[in-house]
Amino acid sequence: MPYTKFPRTKGVSIYRPFIFGSIAEHIDPNNRSSTINADHTHQWTIYVRPCPPQPELSYFIKKISFKLHETYTNSLRTIEAPPFEVTETGWGEFEVQIKIYFVPEANEKPQTIWHHLKLHPYGPDAERQRERREPVISECYEEVVFNEPVEAFYDLLTSSGGVSAGRGKGSKGSKQASMGGKKGAQGEKVAELPFDGTYSQKEEGRELDRLGQAIKTVEIMVKEERTKLEEREKMLAELKSDGSTAVKAR
């Protein structure tokens, strides 16, 4: 068997969960710093954090870069130690590219995810949230999967606690780190988290129930609009018929 510089742990995949997201708040006009741009309405923080009760992420993450909108000075922000986060002010929402670099022992390529920075509340309670000036929190749960990690990195991962090793988690023959869940062109989020940052199957069930109810509501609205459209088309046809009869009578 040929010698390999970084022997891998065959047939093993290890995953590590984390949370990424943002929190945004209205800037208080009575406590506004003179250094803040006059057009900026919100202060926000975008971050990558450990998923409770997991330990800190720095034992397997070396640094994280956040690519902000190009209108920001030094739009590529690289954070090399916890907390992995960037705080800024602004007035608009945009997509943030988050690139995660692993420690040298991992011998893995960086992984990229995307997060939509939310400044405004959405949903049925959005108006009341605006009135109360509540912080807008948008968090997602994600997993990074290390397929057949190199032995030194395997020892580091398993000695640091957290999620246990498993088998067959990644694609057959894959030996690179990957993000869990389905991926779109810009890395779709796996699961939206509740505002308290705690993810659970119960919360997921409630969210599915809310989505189901929302779908039913939309179906009812569509049915009502279709009925209205049919009534308008019938009325228009009658008007056209009456107009045609009046012309013939002349």
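**Notebook: cavities, core and selected residues**

Entry 1. I started with the second largest cavity and listed its lining: R16, P17, Q54, P55, E56, L57, Y59 and F60. The model is predicted, and I applied its thresholds: local features need pLDDT of at least 70, side-chain atom pairs count only at pLDDT 80 or more, while totals for chains, interfaces and linings use all residues. Residues are numbered from 1 along each chain as its sequence is written, and side-chain values use heavy atoms, with hydrogens and water left out.

On a 1 Å grid over the protein atoms alone, a cavity is a set of points where a 1.4 Å probe fits but cannot get out; a pocket is an open set with protein on both sides within 12 Å along at least five of seven lines, and lining residues have an atom within 4 Å of a point. The volume of the second largest cavity is about 40 Å³, where volume is the space filled by probe spheres set on points joined across faces, edges and corners. I sorted its lining by class and got five nonpolar, one polar and two charged residues. In this scheme Ala, Val, Leu, Ile, Met, Phe, Trp, Tyr, Cys and Pro are nonpolar, Asp, Glu, Lys and Arg are charged, and the others, Gly among them, are polar.

Entry 2. I then asked how many cavities of 30 Å³ or more the structure holds. There are two of them. The largest has a volume of about 70 Å³, and I found A24, E25, H26, H42, L119, H120, P121, Q129, R130, R133, E134 and V136 along its lining. Strand 1 and helix 1 (126–132) are the elements that give two or more residues to this lining. The largest share, three residues, comes from strand 1. By class the lining of the largest cavity divides evenly, into four nonpolar, four polar and four charged residues.

Entry 3. Next I looked at the second largest pocket, which holds about 220 Å³ of space. Its lining consists of H40, H69, T71, Y72, E88, G90, W91, G92, E93 and F94. Three of these residues are nonpolar, five are polar and two are charged.

Entry 4. For the overall layout I counted three helices and eleven strands in the protein chain; these are DSSP runs (helices H or I, at least four residues; strands E, at least two) numbered from the N terminus. Along the sequence I read the pattern β-β-β-β-β-β-β-α-β-α-β-β-β-α. The chain has 250 residues, and 34% of them count as buried (buried is under 20% relative accessible area, exposed over 50%, partly exposed in between; 1.4 Å probe, protein chains only). Of the contacts (heavy atoms within 4.5 Å) between residues at least 6 apart in sequence, 73% join residues at least 24 apart.

Entry 5. Which residues touch the most other members of the largest nonpolar core? They are F60, F66 and I98, in a core of 38 residues. Strand 1 (13–26), strand 2 (42–50), strand 3 (61–67), strand 5 (84–90), strand 6 (95–102), strand 8 (136–147), helix 2 (151–159) and strand 10 (177–179) each supply at least two residues of this core. A nonpolar core is a set of buried Ala, Val, Leu, Ile, Met, Phe, Trp, Tyr and Cys residues joined through side-chain atoms within 4.5 Å.

I also followed F60 on its own. Apart from neighbours within four places in sequence, F60 is in contact with R16, F102, V103, V144, F146, F153 and L157.

Entry 6. S65 lies in strand 3 and Y101 in strand 6. Is S65 buried or exposed? S65 is buried, at a relative accessible area of 4%, whereas Y101 is partly exposed, at 24%. With neighbours within four places left aside, S65 is in contact with L76, R77, T78, Q97, I98, K99 and Y101.

Entry 7. T87 sits in strand 5 and is partly exposed, with a relative accessible area of 41%. T87 touches Q43, W44 and T45, not counting residues up to four places away. T87 and T45 are 42 residues apart in sequence, with 4.2 Å between their C-alpha atoms. Their side chains make a polar contact at 2.8 Å.

A polar contact is a pair of N or O atoms within 3.5 Å; within protein, one must be able to donate a hydrogen and the other to accept it, and residues adjacent in sequence count only if both atoms are side-chain atoms.

Entry 8. Last, I looked up S13, in strand 1. S13 is buried, with a relative accessible area of 6%, and its side chain makes a polar contact with the side chain of N147 (2.9 Å).
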